[in-house]
Amino acid sequence: MNTMHIADMTVSGVNFTADLSGALYWADERLLVVSDLHLEKGSSFATRGVLLPPHDTTETLARLDAVIARYQPHAVIALGDSFHDREAHDRLTAAHRATLATLQTGRDWIWIVGNHDPDLPRDLGGSVASDVGIGPVVFRHEPTGAAGEIAGHLHPKARVSRRGRSVERRCFASDGERAIMPAFGAYTGGLSIRDLAFAAIFKSLEFTAHVLGDNRMHAIAAARCY
Amino acid sequence: MTLDHGGGKAYLWAVPPPNLDSSTAPLPDIFSRWFARRGWSPRAHQLALLAKARADRSALLIAPTGAGKTLAGFLPTLVELGGASPKARTSGLHTLYISPLKALAVDIARNLETPVAEMGLPIRIETRTGDTPASRRQRQRRYPPDIMLTTPEQLALLLASDDAPYLFASLKRIVLDELHALVTSKRGDLLSLGLSRLWTIAPQVRAIGLSATVAEPESLARFLVPQVVSPPPAKRRGGVGGGGLFNEDSAGDRHAASPHTRPLPATQEPGRRGEAAATEDNNSAIADIVVAGGAAAPVVEMLDTRERLPWAGHSARHALGEIYDLIKRNKTTLVFVNTRSQAEMLFQDLWRINDDNLAIALHHGSLDVGQRRKVEDAMTAGKLRGVVCTSSLDLGVDWGDVDLVVNVGAPKGSSRLMQRIGRANHRLDEASRAVLVPANRFEVLECHVAIDAVNENAQDTPPLRSGALDVLAQHVLGRACGEPFLADELYAEVKTAAPYAELSRADFDDVVDFVATGGYALKSYERFARIKQDKLGRWRVANPKVRQTYRLNVGTIVEESMLKVRLVRSRRGGSGATGTIARGGRMLGQIEEYFIEGLVVGDTFVFGGEIVRYEALVEDEVYVSRANDADAKVPSYMGGKFPLSTYLAERVRVLLADQRAWKGLPDQVREWLSLQSYRSRVPGAREMVVETFPRADKHYLVCYPFEGRLAHQTLGMLLTRRLERARVRPLGFVANEYALAVWGLGDMSAMIRQGRLNLDTLFDPDMLGDDLEAWLAESALMKRTFRNCAIISGLIPHRFTGEEKSRRQVLFSTDLVYDVLRKHQPDHVLLRAARADAATGLLDLRRLSDMLTRIAGRITHKELDRISPLAVPVMLEIGREAVYGEASDELLAEAAEDLVREATGT
């Protein structure tokens, strides 16, 4: 695997691999984590009259398929907001359900509940939990700022400006004790890591943005981003 | 705005000594007496339009500024409404006037009141704009005025209602002002669709178009009449058109005006492209054309500067003193520049040397509206000596006493230049005077050929657009908001609009499908449809909310995301934002969001005529403070909106190729070109010269396509991809209007010499195949183009019903939609619309394609040991211009390096 596609990221002494796709991999546990898939966000907008292309679920699942194929994890955690709204799973097509089932075959699959999908039905396969603790690390959807916490929810993105040009991309945000994962879904936007919400979690600007570039990862000090 | 112009409204109604043609129809007495009382007499073209109206013809009037165009347009209406006894008159809306500018509509309304009042005509005139209060809008629907003055967007809104047939059934005349400006954009498409609807509702209506001189008046004249649809639609009277008061007349031929019967007015002077390519088949109905003659030819010269002519740049700072002298020597001077930042810079520089304290003002589209109105009022009142302005003043309210136009920088196109020069021409019989001030040596060439073009009255306005599918989508939704429609009928109706005359049924059906359910391959949105068919197959809007959203989002002008700029006191550190506002920060205007995104706190730039420091971004406001720096750190020259016209580019190439013609050029420029032919080669009229040379530790390739910076930027993108594959290891490129420079680590001279790099292959038109596809997938310009289509088509509303939420909360990123759609449904109608835009818009693909075809087999390579004189200007842009390239990883890597440096303490 091309090492440009990944970056090392440590949380509470555990070494993770931050992948260019936006997924997080824990090699020792063969655990893959993805956050904020927001499946069926397109059709969710459609119910309100904004007819976004309905291909987002297909696209997000294809990305998930690709990263699972690369890492062959024993377990997958979907870190909350996997579905954009409470009815979103009802709108999955049979083909989407089949894809999900294939992805789940032969591995543990844990749906962490999020604010968009607090009640997940049983028929989606895998198990449902509010949080999962493994060793010194706990996985939950909404960050609390606790040490050892890996969360999603905020959709971090970072912007860098140079000589009148700027680039804005999704990123992992981490200070070594806690981390916030980028949103994985095809239709997920982002919140600047300079937003107050991040200050509440990290208590200072002493954290790093692991930015998902076009072809490689970049570690950039949060203080240098917008 | 005050209307005290000293000489009354002379500019609007002005007439020179009588030049009455005895054959023209006489005016009713009341009008003749009014003219006589004023000491005026009607002009030939004004009477000609009246005659056209009496003959029940639609007509296009081509006339320069100051020719009394507006009166000509309204004369038929005034005579019809004023001549008939009140009893004989049918009630209802008689004339609809449509202007591209709200301010113009308001101004014209005021000016119409004068003759109407003085002749005591029983005519009610009202404007309808975005500012019209809701109560009056309602009243206007129930009791329409005789004459309504409005904009294309307001017309669309009026048509998108159940009572449109009631409101418009009585319509007799449509007057379209500044038509040449309207038809070049999607607003023109929207207007044409509005006309197509009016032709159905009011078949008796006749149009008068008012236009500046254009290259192809015939295509403009087609815009004014319904294009023939064959076979003709079956039931013209059915449903929608019913209930009109003039339906008896509709048996008459709406398509009567044919090219064969088009009388050529005596005064017609054909443009450069010569006469009429009026097609002989029946698919092209055309309005009569009336050309106003008698305008004095403008006097245009190039500033013969005493200073050294710059090699590059757009500031024209070298000529500052001379521009100031021009303002000083004349009563009122309009100083046109091409971009907002040029205007800012020049304005600031002029005030720096303004020892005489001349009243010089600034006017551009990003300034606060109140600020702009103030300048316009001062100008009207004759209080200003000079106004530095951008295309924001290309159109609009006429100001009497401008006696000189100065055009700083590249003229870009000859028609464009002539229209600007015309702003000085308030009296037809006086020659307009203009001085062109080139800002660099290439611009000298451009100014030189532009003056020749003006002297020959050669026009280079673009050909009529073909109608955009995103605008059609908006129209279809608008139609469904009014009376329900049958697809067959709407298709026939839409094809009567000239820009949509060639619309295929398949495209139309795709658009209807898009409006209904998004037009996706997955048919999962049936239950969310915005428009639905009833039992009779008629489409109607699915629920009232769709109608509301349509009404809020009508229009085709997608503003760049703008942020307000507020001047605050410098506050280094601390973030007490609200406190600063309380201290009374003044609003300076608006700035593009993408520009601010490129800044870091502390960067300085020019805005509102001064150098300001970027302090903070608070919600949608940019806080800036006064900076004491002499120069702004971040250049904000983003290039003009309009590229050099193909026509002027061609003339520049011809000028370059003909050494004998150089004697008309300033010495400095002639010497520069002579040195180029000695050191390298001056490009021939049809060839393209490619130079390669080393400089410092890099290798450069410079070529001279002369196709405008947009096409060059696209070429640069595609070339670097190819050079990458050829292992040249390109690092970047920079483009200007004339040339493109690419640099890299590989020795391109050696590679060409050894046959490892073939220029014919490198510039092969096949780059518009796979390379283009690959680039479009990630191009930020393409994404911007797509965003416009997504908004105009109504896919992504930009204004929402209910309480106005912050834009940031509700806007869905169209970039994400683009990525997903491109991958999963590459032939979607919106992607097709975006591609059509890319051909002529930000990517200028059509021009690039024409150029590649033109130079095929005509590339001359010069291997040089150093930079050539001709290459200097574009090479100087490096560092001054943002180096173009979309390699985001490099930028991110640089920022990451900072962290490394910090960590290692280096």
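**Close-up views of a predicted two-chain model**

Both Arg57(B) and Asp288(B) are buried, where buried means under 20% relative accessible area, exposed means over 50% and partly exposed lies in between (1.4 Å probe, protein chains only). The model is predicted: local features need pLDDT of at least 70, side-chain atom pairs count only at pLDDT 80 or more, and totals for chains, interfaces and linings use all residues. Residues are numbered from 1 along each chain as its sequence is written, chains are lettered from A and ligands numbered from 1 in the order in which they are written, and side-chain values use heavy atoms, with hydrogens and water left out.

**View 1. The salt bridge of Arg57(B) and Asp288(B).** The closest N and O atoms of the two residues are 2.9 Å apart; a salt bridge is a side-chain nitrogen of Lys or Arg within 4 Å of a carboxyl oxygen of Asp or Glu. The pair links distant parts of the chain, 231 residues apart: Arg57(B) is in the loop between helix H3 (44–54) and strand E1 (59–62) of chain B, and Asp288(B) is in strand E7 (residues 288–291). Helices (H or I, at least four residues) and strands (E, at least two) are DSSP runs, numbered from the N terminus.

**View 2. The salt bridge of Lys186(B) and Asp470(B).** Here the closest N and O atoms are 2.5 Å apart. Lys186(B) lies in helix H10 (residues 186–201) of chain B and Asp470(B) in helix H17 (residues 469–481) of chain B, so the pair ties together parts that are 284 residues apart in sequence. Lys186(B) is buried, with a relative accessible area of 10%, and Asp470(B) also counts as buried, at 1%.

**View 3. The interface of chain A and chain B.** The two chains bury about 3900 Å² between them, 63% of it on carbon and sulfur atoms; buried area is the accessible area (1.4 Å probe) that two parts lose on being put together, summed over both. The contact (heavy atoms within 4.5 Å) takes 43 residues from chain A and 44 residues from chain B. Across this interface there is 1 salt bridge, formed by Lys823(B) with Glu59(A), whose closest N and O atoms are 3.0 Å apart. Helix H1 (41–47) and helix H2 (56–71) of chain A are among the elements that each supply at least two residues of the side touching chain B. H1(A) gives the most to that side, with 6 residues.

**View 4. The surroundings of Thr132(B).** Thr132(B) is placed in the loop between strand E3 (125–128) and helix H6 (134–142) of chain B, and at 6% relative accessibility Thr132(B) counts as buried. Leaving aside neighbours within four places in sequence, Thr132(B) is in contact with Thr127(B), Arg137(B) and Gln140(B).

**View 5. Cys225(A) and its nearest cysteine sulfur.** The count comes to 0 disulfides over all chains, a disulfide being a pair of cysteine sulfur atoms within 2.5 Å. Cys225(A) is in no disulfide, and the nearest cysteine sulfur, that of Cys171(A), is 6.9 Å away. Cys225(A) is buried, with a relative accessible area of 0%.

**View 6. Asn455(B) in helix H16 of chain B.** The helix spans residues 441–455. Asn455(B) is exposed, with a relative accessible area of 54%. The C-alpha atoms of Asn455(B) and Val299(B) are separated by 8.5 Å, although these residues are 156 residues apart along the chain.
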